[in-house]
Amino acid sequence: NEQILIIKTAWVNQSLGVDFYPPSSGDPSGYSATPTIDGDSGFYFMETVRMVRDVIANLGTHFPNYNGNGYEIAGFGWNHGWTDSNDAGKVAEYQTNMRNFILDMRDSLGVDSLPFVVGLCGLHGPYGSMVGQNYDTSVMGIWNAQFAMADYTQHPDFVCNVTTVDTRDFARPSANSPAVAEEYFWNNNAESFFLIGDAMAQGMQSLLQCDSTCSKTMQADDASLLGG
């Protein structure tokens, strides 16, 4: 029975390795130069922070039905990865950048342990559909990096506050979609987008209901991932 506002920031063809580059990936003290324009490392990281802060500062404007009872930044969802998969260097850095993105975003928004759901970049579909393609290794690298966020043996501080949801089964062929050969946009298939959102919402609920005994672990190289 609470009011809920979803703040969405989205730009086409942006990478975690440049556009959303987190401050601490470059240097523990932050960016060497403040990103100010499109193309600067971290520009869209800072744009996301700026937009969230703007909405919070002007809730009545952005949310006319706001009841004035205060707010809580309750969770963050991240569905991304295709652009980085086209660059071997960005694939290699993705896990480090993803971890730093989570930590830096929490710090920027002032919410320690902000629940964070990573929606797998599953637009290529199950692994079997990629075998023999020239991009299978790079896409697997992004999958491994994203699944690693929910591997609590690697990131024990993410227990109960970060999870990764698998989206590969939500990919639909272009023959059954509005767009032809736009795999990077999930072929503009509304069913895919609905299922992604639903899965990420369920992932967020699992975090909000998690306690200190939470032991969910997903190894980045386990059979369920490699076998699709």
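Residues are classed as buried under 20% relative accessible area, exposed over 50%, and partly exposed in between. On this scale, phenylalanine 185 of the predicted model counts as partly exposed because its relative accessibility is 32%. Phenylalanine 185 is placed in the loop between strand E3 (162-165) and helix H6 (190-208). Together with Val12 and Tyr184, Phe185 forms a nonpolar patch on the surface, and the three residues have about 270 Å² of accessible area together.

The loop between E3 and H6 also holds tryptophan 186. Tryptophan 186 is buried, with a relative accessible area of 7%, and has a positive phi of about 55° although it is not a glycine. A positive phi, near 60°, is also found for asparagine 13, again a residue other than glycine. Asparagine 13 belongs to the segment before helix H1 (23-26) and, at 48% relative accessibility, counts as partly exposed.

Strand E3 is covered on both faces: Val162 and Thr164 are buried on one side, and Thr163 and Val165 are buried on the other. Strands E2 (residues 116-119) and E3 run parallel and are joined by four bridges. Within this pairing, glycine 119 stands opposite valine 165 of E3.

Helix H5 (residues 136-148) comprises 13 residues and spans 18 Å from its first C-alpha to its last, close to the 18 Å expected at 1.5 Å a residue. H5 is mostly covered, with ten of its 13 residues buried. In helix H4 (residues 88-109), lysine 90 counts as buried because its relative accessibility is 19%, a value under the 20% cut-off. Beyond residues up to four places away in sequence, lysine 90 touches Ser15, Gly17, Val18 and Asp84.

Side chains of opposite charge can pair when their charged atoms come close. The count of salt bridges in the model comes to five. One of them joins the side chains of glutamate 47 and arginine 50, with an N to O distance of 2.9 Å. Both residues lie in helix H2 (residues 43-57), three residues apart, which is about one turn of the helix. Glutamate 47 is buried, at a relative accessible area of 16%, whereas arginine 50 counts as partly exposed at 43% relative accessibility.

A salt bridge is also formed between the side chains of arginine 168 and aspartate 166, at 2.7 Å from N to O. Here arginine 168 is buried, with a relative accessible area of 3%, while aspartate 166 counts as partly exposed at 34% relative accessibility.

Glutamate 191 and arginine 172 form a further salt bridge, in which the closest N and O atoms are 2.9 Å apart. Glutamate 191 lies in helix H6 and arginine 172 in the loop between E3 and H6, so the pair ties together parts that are 19 residues apart in sequence. Glutamate 191 counts as partly exposed, at 42% relative accessibility, and arginine 172 counts as partly exposed at 23%.

Methods
Residues are numbered from 1 along each chain as its sequence is written. This is a predicted model: local features need pLDDT of at least 70, side-chain atom pairs count only at pLDDT 80 or more; totals for chains, interfaces and linings use all residues. Side-chain values use heavy atoms; hydrogens and water are left out. Patches are made of residues with over 30% relative accessible area and no salt bridge: like charges are joined within 9 Å, nonpolar side chains (Val, Leu, Ile, Met, Phe, Trp, Tyr) within 5 Å. Accessible areas come from the Shrake-Rupley method with a 1.4 Å probe; for residues, only the protein chains shown count as cover. A salt bridge is a side-chain nitrogen of Lys or Arg within 4 Å of a carboxyl oxygen of Asp or Glu. Helices (H or I, at least four residues) and strands (E, at least two) are DSSP runs, numbered from the N terminus. Buried means under 20% relative accessible area, exposed over 50%, partly exposed in between (1.4 Å probe, protein chains only). Contact means heavy atoms within 4.5 Å. Two strands pair if DSSP finds at least two bridges between them. The expected span of a helix is 1.5 Å times one less than its number of residues.
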